[in-house]
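Here is a short briefing for a first look at this structure. Keep the sequence and the 3D view open while reading.

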Amino acid sequence: MEKLAIKLLCSIFLISLLLHTLPARSQEVDDEREFDYDKNSEKGPARWGEIHPEWGNCSKGSMQSPIDLLNERVEVVSHLGRLNRSYKPSNGTLKNRGHDMMLEWESGAGTLEINGTEYVLKQCHWHSPSEHTISGRKFALELHMVHESQDGKVAVVGIMYIIGRPDSFLSSITDHLRMEAGNGETETVVGVVNPKDIKIGSRKYYRYMGSLTTPPCTENVLWTIVRKVRTVTKEQVRLLRVAVHDDSDTNARPTQPTNGRPVQLYRPDENKDD
Ligand SMILES: [Zn+2]
């Protein structure tokens, strides 16, 4: 009798384990659709802060991102130094997060060093149109390279694009993006991806303290926005949106109040080498 009871308990345990693991995956996808970018929607950017208590920063935070990088307001400095990047090729997976496409390097893809802190490159993803603006101007696309330090601090490097010649990095993953777009898969293993192939092409960059631009809108994110605007084709921007399958044309959060935050523009000293 006791044995039967134990067997029964085991089966119940296994079944409940199964029931819990299976819906958890679809739950994740649902979670990702818990917010959207439609300004008239109940789940739109103006309401993000009300959807979950943990997302409160989205409406109550004082240092939110993105912002407008107003040229007249930035402080031009030469002491920040060149972006100290030591990226390395690493295995990457394309993931549909329901609101964007993300390329994730599961074991990290090298580091970015800022003010003595090492941040490991975890993933990159795209927003269209751009989230940051420069003196009110929006661009066709913005790439975010998300880095994390050992103690959980986040540093994001943003690169903006206008429509023009193809972006070589996006060209290199086009087949995988098409696969995502075609069969609606949520994950595609890409293989080894070298983040060095993501071109910056400029030493100049903006620097300010902000937040994640999607819920939970966590603050104290160290932002670096590359000054040079690069190019991408209309088709490349379209493909990134189609692959998401979310019936939305855009995934850009509107710009947020700066609340007097300093924004610096790093420009190397002409006479020096850095
Ligand atoms: Zn982003």
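The points below go from the whole chain to single residues.

This is a predicted model. The chain contains six helices and 15 strands. It has 274 residues, and 33% of them count as buried. Take the contacts between residues at least 6 apart in sequence: 67% of these join residues at least 24 apart.

**Nonpolar core**

- In soluble globular proteins, nonpolar side chains tend to be buried together.
- Here the largest nonpolar core holds 48 residues. Met145 and Tyr206 have the most contacts inside this core.
- Several elements each supply at least two of the core residues, among them β5 (101–105), β7, β9 (141–149), α4 (168–172) and β15 (264–266).
- Strand β10 gives the most to this core, with six residues.
- What does Met145 touch, leaving aside residues up to four places away in sequence? The partners are Leu121, Cys124, Val156, Val157 and Ile198.

**Strand pairing**

- Strand β6 (residues 110–114) pairs with strand β3 (residues 84–87) over four bridges, in the antiparallel sense. Within this pair, Arg85 has Leu112 of β6 as its bridge partner.
- Strand β6 also joins strand β7 (residues 117–127) through four bridges, and these two run antiparallel. Here Glu113 stands opposite Glu118 in β7.
- The hairpin of β6 and β7 has two residues between the strands. Asn115 in this hairpin takes a positive phi near 50°.
- In a regular strand the side chains alternate between the two faces of the sheet.

**Helix packing**

- Two packed helices are described by the angle between their axes and the distance between the axes.
- For helix α5 (residues 174–183) and helix α6 (residues 234–242), the angle is about 40° and the axes are 8 Å apart.
- Angles under 35 degrees count as roughly parallel, and 65 to 115 as roughly perpendicular. Helices α5 and α6 are therefore oblique to each other.
- The crossing of α5 and α6 is left-handed.
- Which residues meet there? Thr174, Leu177, Arg178 and Ala181 come from α5, while Leu239, Leu240 and Val242 come from α6.

**Backbone exceptions**

- Most residues other than glycine have a negative phi, and most peptide bonds are trans.
- The bond from Ser65 to Pro66 is a cis peptide bond, with omega near 0°. Pro66 sits in the loop between α3 (57–60) and β1 (68–69).
- Pro215 and Pro216 are also joined by a cis peptide bond, with omega about 10°. Pro216 belongs to the loop between β12 and β13.
- Asn220 is not a glycine, yet has a positive phi of about 65°. This residue is in strand β13.
- Is Asn220 buried or exposed? Asn220 is exposed, because 12 other C-beta atoms lie within 10 Å, and a residue with 12 or fewer counts as exposed.
- Asn259, again not a glycine, has a positive phi of about 50°. It lies in the loop between α6 and β15. Asn259 is exposed because 10 other C-beta atoms are within 10 Å.

**A loop residue: Ala46**

- Where is Ala46? It is in the loop between α1 (2–32) and α2 (48–51).
- Ala46 has 13 C-beta neighbours inside 10 Å, so this residue counts as partly exposed.
- Ala46 and Cys58 are twelve residues apart along the chain, and their C-alpha atoms are separated by 8.3 Å.

Note on methods
Residues are numbered from 1 along each chain as its sequence is written. This is a predicted model: local features need pLDDT of at least 70, side-chain atom pairs count only at pLDDT 80 or more; totals for chains, interfaces and linings use all residues. Two strands pair if DSSP finds at least two bridges between them. A residue is buried if 20 or more other C-beta atoms lie within 10 Å of its own, exposed if 12 or fewer, and partly exposed in between; C-beta atoms are placed from the backbone. A nonpolar core is a set of buried Ala, Val, Leu, Ile, Met, Phe, Trp, Tyr and Cys residues joined through C-beta atoms within 7 Å. Two residues are in contact if their C-beta atoms, placed from the backbone, lie within 7 Å. Axes are lines fitted to C-alpha atoms, for helices over the stretch in contact, and angles run from 0 to 180 degrees between N-to-C directions. Angles under 35 degrees count as roughly parallel, over 145 as roughly antiparallel, 65 to 115 as roughly perpendicular and the rest as oblique. A crossing is left-handed if the near helix is turned anticlockwise from the far one by less than a right angle, and right-handed if clockwise.
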